[in-house]
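Work through the exercises below with the model open beside you. Try each task before you read its solution.

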Amino acid sequence: GEVTAAAVLLLGRSTAGTGMAGERTRSRARPWGWGLVILLSSATATTRVELGGAGDFVILSKTAITAAASCDITGDVGLSPKTAAAITGFALSADGSNQFSTSVKVSGRVYAANYAVPTPAKLTTAVSAMEAAYTDAAGRPLSDPANVDIYGGILGGKTITAGVYKWNSEVSFATDVTLS
């Protein structure tokens, strides 16, 4: 499924520093496997979560990125500290500079930690910003007490308004999710 809107989807484990990912779009339909998910619309939130260099990416991960058979991603994709070998399902084509790759599934560029300078430094900065944004968002109170475990964690086909949400189970979406 795809997440659409001027919004931010920050995902991570409740234990700081492990397995965090900050993404605006998820390209495969499988459970996230993480207990805490925070959704904030940067356009409407009272206090905006600063994304820094992470805001340059629609998908930014530390561990792996896998594309579904049919997906369309608009914007740049980044992976660090893992290498391009952990970006699967995209049929990547390296640019002549080896600073990024392209894919028919991505309207943008795909970056990995093992690409040529300045890509590694750009990704290190972005991942650090992603982790800071996650820590900020995870420390915020729920915007509404009813925002716990909404839809049983199955978000496909749903529209979710701006706010802070928490799930105590896996979250998944096999179809599009709209953040408004």
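**Exercise 1: Salt bridges**

A search of the whole structure, which is a predicted model, turns up two salt bridges.

Task: Which side chains meet in a salt bridge at 2.6 Å, and which parts does the pair tie together?

Solution. 
- Step 1. The side chains are those of Glu131 and Lys62, with 2.6 Å from N to O.
- Step 2. Glu131 sits in helix α1 (residues 119-138), while Lys62 is in the loop between β5 (59-61) and β6 (65-66), so the bridge links parts 69 residues apart in sequence.
- Step 3. Check exposure. Buried means under 20% relative accessible area. Lys62 has 17%, so Lys62 is buried. Glu131, at 22%, is partly exposed.

**Exercise 2: The other pair**

Task: With which residue does Arg140 form a salt bridge? Is Arg140 buried or partly exposed?

Solution. 
- Step 1. The partner is Asp136, and the closest N and O atoms are 3.1 Å apart.
- Step 2. Arg140 has a relative accessible area of 18%, so Arg140 is buried.
- Step 3. Asp136 has 32% and is partly exposed.

**Exercise 3: Nonpolar cores**

Task: How many residues does the largest nonpolar core have, and which strand gives the most to this core?

Solution. 
- Step 1. This core has 16 residues. Those with the most contacts inside it include Ile65, Val77 and Phe90.
- Step 2. β8 (77-79) and β12 (106-112) each supply at least two residues. β12 gives the most, with three.
- Step 3. Look at Ile65. Beyond its neighbours within four places in sequence, Ile65 contacts residues including Ile59, Leu79 and Ile87.
- Step 4. A second, separate core has 10 residues, among them Phe57 and Phe100.

Definitions and conventions
Residues are numbered from 1 along each chain as its sequence is written. This is a predicted model: local features need pLDDT of at least 70, side-chain atom pairs count only at pLDDT 80 or more; totals for chains, interfaces and linings use all residues. Side-chain values use heavy atoms; hydrogens and water are left out. A salt bridge is a side-chain nitrogen of Lys or Arg within 4 Å of a carboxyl oxygen of Asp or Glu. Helices (H or I, at least four residues) and strands (E, at least two) are DSSP runs, numbered from the N terminus. Buried means under 20% relative accessible area, exposed over 50%, partly exposed in between (1.4 Å probe, protein chains only). A nonpolar core is a set of buried Ala, Val, Leu, Ile, Met, Phe, Trp, Tyr and Cys residues joined through side-chain atoms within 4.5 Å. Contact means heavy atoms within 4.5 Å.
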